[in-house]
Amino acid sequence: YVVKTNIEIILANHRMHEEILRLSRTDMLTGLYNRTHFAESMKNRVNSLFYLGMFDMNDLKQLNDRYGHHCGDQALHCFALQLKQSFPANSSFFRMGGDEFLCVVYEMEQAEIDRRIEALRQFFRDNPLVLPDAVPYVLSFSCGFAWHEAGAAIADVVQQADHAMYAEKRRFKSCRCERR
C-alpha cells in the first residue's frame, strides 16, 4: 500500500511539473509558444538553416476599441490557428506579444512561403470573423521573412524579418489611405 501511494504521489508530481512547464512556455490565449520559449529554443538552433517570419495583425486596436477585447481575443485565436495550419508541422510558432507573432520555417523556399502567405490572406478574405450584430470582419496582417544562415545571430535575423514586416505594414497603410 505504501509503495502504491508513493508511486501515485510521484506520478501526480510529475504531471504537475509537466503542466507547469507547459504553461511557462505557452501563450494562454492562442496556445502557441511564448516569447520566453522562443529565446530558449533558439539557443539550440544557432547552426540551423531556416526562415524566420514576423507577423503583425493589421488594425487589431480598432477592433478592440469598437467591439471589445473579447472580439480582439477571438481574432488573435483565429489568426494563430490559421497561421499554424498554413505551414508544415515541423515549423514553430510563437506569440511574441500583443498581435505580433513569429514563425520558424524549415526546409522551405521563399517562393513556397510566399504562396502559403497568399493562401492565408485568401482564407481570411473568404472566411471573415462574424462580430456582434453579424458584422463580417476580414482579418489582415503584415509579415516579413528573413533567412537564418548557420552561425548567424538570431537577434539580427529577427530584426531583418521585423524590418521587412514593418515595410509591408507601411505599404498596407499607404494603400488603405489611397482608397479613402
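Predicted model: local features only at pLDDT ≥ 70, side-chain atom pairs only at ≥ 80, totals over all residues.
Is glutamate 107 buried or exposed? With a relative accessible area of 76%, glutamate 107 is exposed, because the cut-off for that word is over 50%. Glutamate 107 sits in the loop between β4 and α5. Check the backbone here as well: phi of glutamate 107 is near 50°, a positive value in a residue other than glycine. Most residues other than glycine have a negative phi.

Next, select aspartate 59, in the loop between β2 and α3. Aspartate 59 also has a positive phi, of about 65°, although it is not a glycine.

**The whole chain**

Zoom out and colour by secondary structure. How many helices and strands does the protein have? There are six helices and seven strands. Read from the N terminus, the order of elements is α-β-α-β-α-α-β-β-α-β-β-β-α. Along the principal axes, the C-alpha atoms fill a box of roughly 75 × 50 × 25 Å.

The protein has 180 residues, and 41% of them count as buried. Its accessible surface comes to about 10,800 Å², and carbon and sulfur atoms account for 56% of that. Among contacts with a separation of 6 or more, 68% are between residues 24 or more positions apart. Now show the charged side chains. The protein has 22 positive and 23 negative charges, and their mean positions are 3 Å apart.

**The sheet**

Hide the side chains and show the strands. Which strands form the open sheet, and in what order? Five strands take part, in the order β1-β3-β4-β2-β7, and the pairing is mixed. β1 and β7 stand at the edges with a single partner strand each, so one side of each has no neighbour in the sheet. Strands of a sheet pair through backbone hydrogen bonds, either parallel or antiparallel.

Strand β1, residues 33-34, pairs with β3 in the parallel sense over two bridges. To find the place, select asparagine 34, which stands opposite arginine 95 in β3.

Move on to β3, residues 92-97. Five of its six residues are buried, so β3 is largely enclosed by the rest of the structure. On the way to β4, five bridges join β3 and β4, which run antiparallel.

β2 and β7 pair in the antiparallel sense over eight bridges. Methionine 54 marks this pairing: its bridge partner in β7 is glycine 144.

Centre the view on phenylalanine 79. Leaving aside its neighbours within four places in sequence, phenylalanine 79 is in contact with Phe55, Met57, Phe101, Phe124, Leu139 and Phe141.

Select glutamine 82, in helix α4. Glutamine 82 is buried, because its relative accessible area of 11% falls under the 20% cut-off. Apart from neighbours within four places in sequence, its contacts are Leu120, Phe123 and Phe124.

Last, select threonine 26, in the loop between α1 (2-25) and β1. Is threonine 26 buried or exposed? Threonine 26 is buried, with a relative accessible area of 14%. Beyond neighbours within four places in sequence, threonine 26 is in contact with Gly31, Leu32, Tyr33 and Asn34. Asn34 was also a stop on the sheet, where it stands opposite arginine 95.

Key. Residues numbered from 1 in each chain as written. Heavy atoms only, no water. Contact = heavy atoms within 4.5 Å. Helix = DSSP H or I, 4+ residues; strand = E, 2+ residues; numbered from the N terminus. Buried < 20%, exposed > 50% of the residue type's maximum accessible area, 1.4 Å probe, protein only. Areas by Shrake-Rupley, 256 points an atom, 1.4 Å probe, with all protein chains shown as cover. Lys, Arg positive; Asp, Glu negative; His and termini not counted. Charge placed at Lys NZ, Arg CZ, Asp CG, Glu CD. Pairing = 2+ DSSP bridges.
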